[in-house]
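Trainee: Could we go through this one together? I'd like to learn where the labels come from.
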Amino acid sequence: MTDPPKIRPGSRLLLGFALFAGILASMFVGALFADFALDLLDVASPTVRLVMKAIAMATALPVGFYIVERAFLARSSITFRKTPGP
């Protein structure tokens, strides 16, 4: 018979915290990058700056999810390989 895969305690909670931190970090980096780019382009309109910040933050969210997912999967695959087989 096949045994069900063992889930380490706290791994889902750790993933939740990592995703939350990844969301916050990607939104911060997106807004920071938009500010920097708009300063370089000498854009002074508050409406344009706000719209561009929103677009940059929305674009940065999938990147943050991808980075957190890759880091979490790499962490879980390393610990999975360390466990001895039957």
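Mentor: A search of the whole structure turns up three salt bridges. Keep in mind that this is a predicted model, where local features need pLDDT of at least 70, side-chain atom pairs count only at pLDDT 80 or more, and totals for chains, interfaces and linings use all residues. Residues are numbered from 1 along each chain as its sequence is written, and side-chain values use heavy atoms, with hydrogens and water left out.

Trainee: What makes the arginine 49 and aspartate 35 pair a salt bridge?

Mentor: The definition asks for a side-chain nitrogen of Lys or Arg within 4 Å of a carboxyl oxygen of Asp or Glu. Here the N to O distance is 3.1 Å, so the pair qualifies under that definition. The partners sit in distant parts of the chain, with arginine 49 in helix 2 and aspartate 35 in helix 1, 14 residues apart.

Trainee: And how do you know that those are helices?

Mentor: Helices are DSSP runs (H or I, at least four residues; strands are E, at least two), numbered from the N terminus. Helix 1 has 30 residues and reaches 42 Å from its first C-alpha to its last, close to the 44 Å expected at 1.5 Å a residue. That expected span is 1.5 Å times one less than the number of residues.

Trainee: Which other salt bridges are there?

Mentor: Lysine 53 meets aspartate 35 at 3.3 Å, N to O. This pair also links distant parts of the chain, lysine 53 in helix 2 and aspartate 35 in helix 1, 18 residues apart. Then aspartate 39 meets arginine 49 at 3.0 Å, N to O. Aspartate 39 lies in helix 1 and arginine 49 in helix 2, so this pair ties together parts that are ten residues apart in sequence. Put together, Asp35, Asp39, Arg49 and Lys53 form a network of salt bridges.

Trainee: Why is arginine 49 called buried?

Mentor: Buried means under 20% relative accessible area, exposed means over 50%, and partly exposed is in between (1.4 Å probe, protein chains only). Arginine 49 has 17%, so it counts as buried. Aspartate 35 is partly exposed because its value is 23%. Lysine 53, with 25%, is partly exposed, and so is aspartate 39, with 47%.

Trainee: Is serine 26 buried or exposed?

Mentor: Serine 26 has 8% relative accessibility, so it is buried. It is placed in helix 1, residues 11-40. Leaving aside neighbours within four places in sequence, serine 26 is in contact (heavy atoms within 4.5 Å) with Ala60, Leu61 and Gly64. The buried residues of helix 1 include Ser26, Gly30 and Ala34.

Trainee: What makes aspartate 42 stand out?

Mentor: Its phi is positive, about 55°, although aspartate 42 is not a glycine. Most residues other than glycine have a negative phi. Aspartate 42 is found in the loop between helix 1 and helix 2, and it is called exposed because its relative accessible area is 69%.

Trainee: Last one: which residues make the nonpolar surface patch?

Mentor: Val48, Val51, Met52 and Ile55, covering about 310 Å². Patches use residues with over 30% relative accessible area and no salt bridge; like charges are joined within 9 Å, and nonpolar side chains (Val, Leu, Ile, Met, Phe, Trp, Tyr) within 5 Å. Valine 51, in helix 2 (residues 46-82), has 43% relative accessibility and so counts as partly exposed.

Notes
Areas by Shrake-Rupley, 256 points an atom, 1.4 Å probe, with all protein chains shown as cover.
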